[in-house]
Amino acid sequence: MKKIELVEREKFNYHTREAFKALRTNLLFSGSDVKTVVITSCLNNEGKSTISLELSKSLAAAGKKVLMIDADLRKSVLVTRYTESTKSIRGLSEYLSSQANIDDVLYETNTDGLHIIFAGAVPPNPVELLGSKKFEDFIRQIRELYDYVIVDASPLGLVIDASVISAVCDGAVLIVAANEISYKFALEVKEQLERANCKILGAVLNRVPMNQGAAYGKYGKYGKYGKYAKYGTYGSYGQEAEADVSESDKK
Ligand SMILES: Nc1ncnc2c1ncn2[C@@H]1O[C@H](COP(=O)(O)OP(=O)(O)OP(=O)(O)O)[C@@H](O)[C@H]1O
Ligand SMILES: [Mg+2]
């Protein structure tokens, strides 16, 4: 298998690292039928890719065999952000359009137990590719080979891709940037996932301002990026999560 080195771009503080572990624990307790998980959000820049990768690494560190798939076919930055590669790397879009085989796009990483498939070149028809029988078959087959498959997707509040992906995954996690997304918008996206018959595992409240309120404190070298907080319970987001969203999360 091909190998690639993923460069560590960020040193997360203790609290953030602990929050990733908590996220991992929640996923581990979501049941053995939850193996393929799509990560999405309402808008760009809410932390989907960061969380997908850190969650994947964290699961691998716990001894799990993990595949991360970069399915943000429209504007992925993973290759440029996390590798030193100067060439474009073939990935999911080439595989789904039958321009590459699985062996051409599957990479072993420098994290033991973690494999990755990058997005590949931007295709003209991402929804068509992700909604294809080929993608469905691929997820079904790959599911048997890994303990977890983490799929980083485009923002569902902007494009439909994540909904199409979620239809063939076991569960979805919604990333919500604190103070940026209205309660109504988050609910709309949650409902969209539900319409795809995907189990919503939970939500991650990201980018919590560290200087707001005693609950978050002032630790953290990342300034305005906070710890990964969680509302809702993994495995039972459903109705309960609505009640779990605090008044301050509503706009
Ligand atoms: N909790 C965090 N701690 C530190 N940095 C963070 C955190 N969450 C996000 N970031 C930073 O915010 C930026 C956007 O994050 P990321 O690329 O993961 O978001 P995204 O939702 O995948 O964006 P896009 O929709 O464009 O794909 C990155 O520079 C990332 O390093
Ligand atoms: Mg991203």
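User: How many helices and strands does the secondary structure of the protein hold?
Analyst: The predicted chain has 251 residues, of which 53% count as buried. Its accessible surface comes to about 11,500 Å², with 49% of that belonging to carbon and sulfur atoms. The secondary structure comes to 10 helices and 9 strands.

User: Which helix gives the most residues to the shell around ligand 1?
Analyst: The shell around ligand 1 has 17 residues, and the closest are Glu-10, Lys-48, Thr-50, Lys-75 and Arg-81. By class, the shell divides into 3 nonpolar, 7 polar and 7 charged residues. With 3 residues, the element that gives the most is the helix spanning residues 48–61, α2.

User: What percentage of the area that ligand 1 exposes when taken alone does the protein bury?
Analyst: An oxygen atom of ligand 1 is 2.3 Å from an N or O atom in the side chain of Glu-10. A polar side-chain atom of Asp-72 lies 3.4 Å from an oxygen atom of the ligand, and a polar backbone atom of Ser-49 is 2.9 Å from a ligand oxygen. Taken alone, ligand 1 exposes 630 Å², and the protein buries 91%.

User: Is Ser-41 buried or exposed?
Analyst: Ser-41 is found in strand β2, residues 36–41. Not counting residues up to four places away in sequence, Ser-41 touches Glu-46, Lys-48, Pro-155, Leu-156, Gly-157, Leu-174, Ile-175 and Val-189. Because its relative accessible area is 0%, and the cut-off is under 20%, Ser-41 counts as buried.

User: With which side chain does the side chain of Ser-41 make a polar contact?
Analyst: The side chain of Ser-41 reaches the backbone oxygen of Leu-43 at 2.8 Å. The side-chain partner stands at 3.0 Å, and this residue is Lys-48.

User: Which backbone oxygen does the side chain of Ser-85 reach?
Analyst: Ser-85 lies in the loop between α3 (78–82) and α4 (92–96). Its relative accessible area is 27%, so Ser-85 is partly exposed. At 2.9 Å, its side chain reaches the backbone oxygen of Lys-87.

User: Which residue in β5 does Glu-108 stand opposite?
Analyst: Strand β4 (residues 106–109) runs parallel to strand β1 (residues 2–4), to which 3 bridges join it, and in this pairing Lys-3 stands opposite Glu-108. Another 3 bridges join β4 to strand β5 (residues 114–117), and these two strands run antiparallel. In β5, the residue opposite Glu-108 is His-115.

User: Which residue takes a positive phi in the hairpin of β4 and β5?
Analyst: The hairpin has 4 residues between its strands. The value of phi is near 90°, and the residue is Gly-113.

User: What is the relative accessibility of Glu-108?
Analyst: Glu-108 has its place in strand β4. Leaving aside neighbours within four places in sequence, Glu-108 is in contact with Met-1, Lys-2, Lys-3, Ile-4, Leu-114 and His-115. Glu-108 counts as partly exposed because its relative accessibility is 29%.

User: What value does phi of Ser-98 take?
Analyst: Ser-98 is found in the loop between α4 and α5 (102–105), and it is exposed, with a relative accessible area of 54%. Most residues other than glycine have a negative phi. Phi of Ser-98 is instead positive, near 60°.

User: Where is Asn-197 placed?
Analyst: Asn-197 is not a glycine, although it has a positive phi of about 65°. Its relative accessible area is 73%, so Asn-197 is exposed. Its place is in the loop between α9 (183–195) and β8 (199–206).

Methods
Residues are numbered from 1 along each chain as its sequence is written. Chains are lettered from A and ligands numbered from 1 in the order in which they are written. This is a predicted model: local features need pLDDT of at least 70, side-chain atom pairs count only at pLDDT 80 or more; totals for chains, interfaces and linings use all residues. Side-chain values use heavy atoms; hydrogens and water are left out. A residue is near a molecule or strand if one of its heavy atoms lies within 4 Å of it. A polar contact is a pair of N or O atoms within 3.5 Å; within protein, one must be able to donate a hydrogen and the other to accept it, and residues adjacent in sequence count only if both atoms are side-chain atoms. Accessible areas come from the Shrake-Rupley method with a 1.4 Å probe; for residues, only the protein chains shown count as cover. Ala, Val, Leu, Ile, Met, Phe, Trp, Tyr, Cys and Pro count as nonpolar, Asp, Glu, Lys and Arg as charged, and the others, Gly among them, as polar. Buried means under 20% relative accessible area, exposed over 50%, partly exposed in between (1.4 Å probe, protein chains only). Contact means heavy atoms within 4.5 Å. Two strands pair if DSSP finds at least two bridges between them.
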